[in-house]
Amino acid sequence: MPTNVSPEYKKAQDQYRKARDPADRLRLLREMLSTIPKHKGTEHLQADIKTKIKELTDELAGPRKGAARGGPLQTIRPEGAAQIALLGPPNAGKSSLHRALTGSRAEIGPYAFTTRAPLPGMLMHEDVPFQLVDLPPVSADFMEPWLYNALQPSHAALLVVDLHDPDCAESVVAIRARLAHKRVTLTDNWQGRLPAGLVPADWSPAASASADGAPRARTDDGEGELADPFRVLLPTLLLATKADLGLDPAEVAALLELGGARFPALAVSSLTGLGLGRLGPLLMRGLAIVRVYTKAPGKPPDHHRPYTLFAGDTVEDLARLIHRDLAASLKFARVWGRSGKFEGQQVGRDHVLGEGDVVEIHA
Ligand SMILES: Nc1nc2c(ncn2[C@@H]2O[C@H](COP(=O)(O)OP(=O)(O)OP(=O)(O)O)[C@@H](O)[C@H]2O)c(=O)[nH]1
Ligand SMILES: [Mg+2]
């Protein structure tokens, strides 16, 4: 890794890592390539950036007619508060969960490799939509060559396992290894703390917040500022599904032990709905989602639809979310709620917003 890159490169890289929209990512990759110092120490990274530009350009151009690589549309444009990928071995019950959680028509089959292409759907938690992406399975023998690409815009993963499958622990190890090979890491490091192991029945986001204090800042997982920009870190929640067939908490613990991770885990059933209602609060807390409501001067706040941010996000981040150009023309904001010192306080673009804040943007 190079040690002396320019501030312009650093800025483009930071923005790239935050960006989820494919067109934005392509623009930022080009910016990275034009600002990276051209010397021996950056040759690897330059080649990586060029490869990513090629992949993303091809993908944005859409499937080519008669092209050998054709395949399904790989990347789902993120919508809602966060994009969550459903990962797991064949036949584990991923598509069944997708149906039960989002009301989608995902194809379900009593055999392996039913799902062949990514499918988005929305899971509502109160007024917060999460985008769930159903994906083809990953096994020790096979992973779709484009799958790691589909994970680039995701914020987190649900690792779905069927504990009644005698190979499930080996599958978890194999999936993590295959993804790691493509620089995708399934981690237990959520921005907001979640309990490790089977989440206790009385767990609640509020109790967790008071016990653990503020969510952790987003980190590069211990790496310095020049951490591999193409590494994908997916905070992961293990879903032990088909719990209607009986599920022993000791088995979940054993699986986590063998799988070599300290993931938080939840027992669920698509058939009976068991545990499904607990997913939303876990995602809210784990991803440290903050919702804010906007208002126009002299008007009441719009409480119909929140804008969702991540803990630590600022007035400027909110402006960018409302409209691409608003961040540039932003002058100040007024804030009512948790993050202000008093109601209607005037704040600058770097002001960090809090859950439930009402914000009036002045541009
Ligand atoms: N009893 C029970 N069976 C389930 C549950 N969820 C899924 N199944 C069954 O498990 C089988 C596989 O379900 P799918 O949802 O297609 O699994 P998948 O992980 O999407 O499979 P692939 O797309 O092949 O990777 C089907 O026969 C489902 O009916 C559940 O919660 N309880
Ligand atoms: Mg499926």
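Tyr293 sits opposite Val358 of strand 13, in what is a predicted model, where local features need pLDDT of at least 70, side-chain atom pairs count only at pLDDT 80 or more, and totals for chains, interfaces and linings use all residues. Residues are numbered from 1 along each chain as its sequence is written, chains are lettered from A and ligands numbered from 1 in the order in which they are written, and side-chain values use heavy atoms, with hydrogens and water left out.

On to the sheet itself. Strand 9 (residues 289-294) and strand 13 (residues 358-362) run parallel and are joined by two bridges; two strands pair if DSSP finds at least two bridges between them. Helices (H or I, at least four residues) and strands (E, at least two) are DSSP runs, numbered from the N terminus. The open sheet has five strands, ordered 10-9-13-11-12, with mixed pairing. Strand 10 (307-310) and strand 12 (345-347) are at the edges with a single partner strand each, so one side of each has no neighbour in the sheet. Ignoring direction, neighbouring strands here are turned by 40° against each other on average. Helix 10 (residues 315-322) packs on this sheet and touches strands 9, 10, 11 (332-336), 12 and 13, contact meaning heavy atoms within 4.5 Å. The direction of helix 10 makes about 135° with that of strand 10; axes are lines fitted to C-alpha atoms, for helices over the stretch in contact, and angles run from 0 to 180 degrees between N-to-C directions.

The loop between strand 11 and strand 12 holds Ser339. The side chain of Ser339 makes polar contacts with the side chains of His351, at 2.8 Å, and Asp357, at 2.5 Å. Such a contact is a pair of N or O atoms within 3.5 Å; within protein, one must be able to donate a hydrogen and the other to accept it, and residues adjacent in sequence count only if both atoms are side-chain atoms. Setting aside neighbours within four places in sequence, Ser339 is also in contact with Val352, Leu353 and Gly354, among others.

Then there is ligand 1. Of the 23 residues around ligand 1 (a heavy atom within 4 Å), Lys94, Ser96, Phe113, Thr114 and Asp244 come nearest. Helix 4 (residues 94-102) gives the most to the shell, with three residues.
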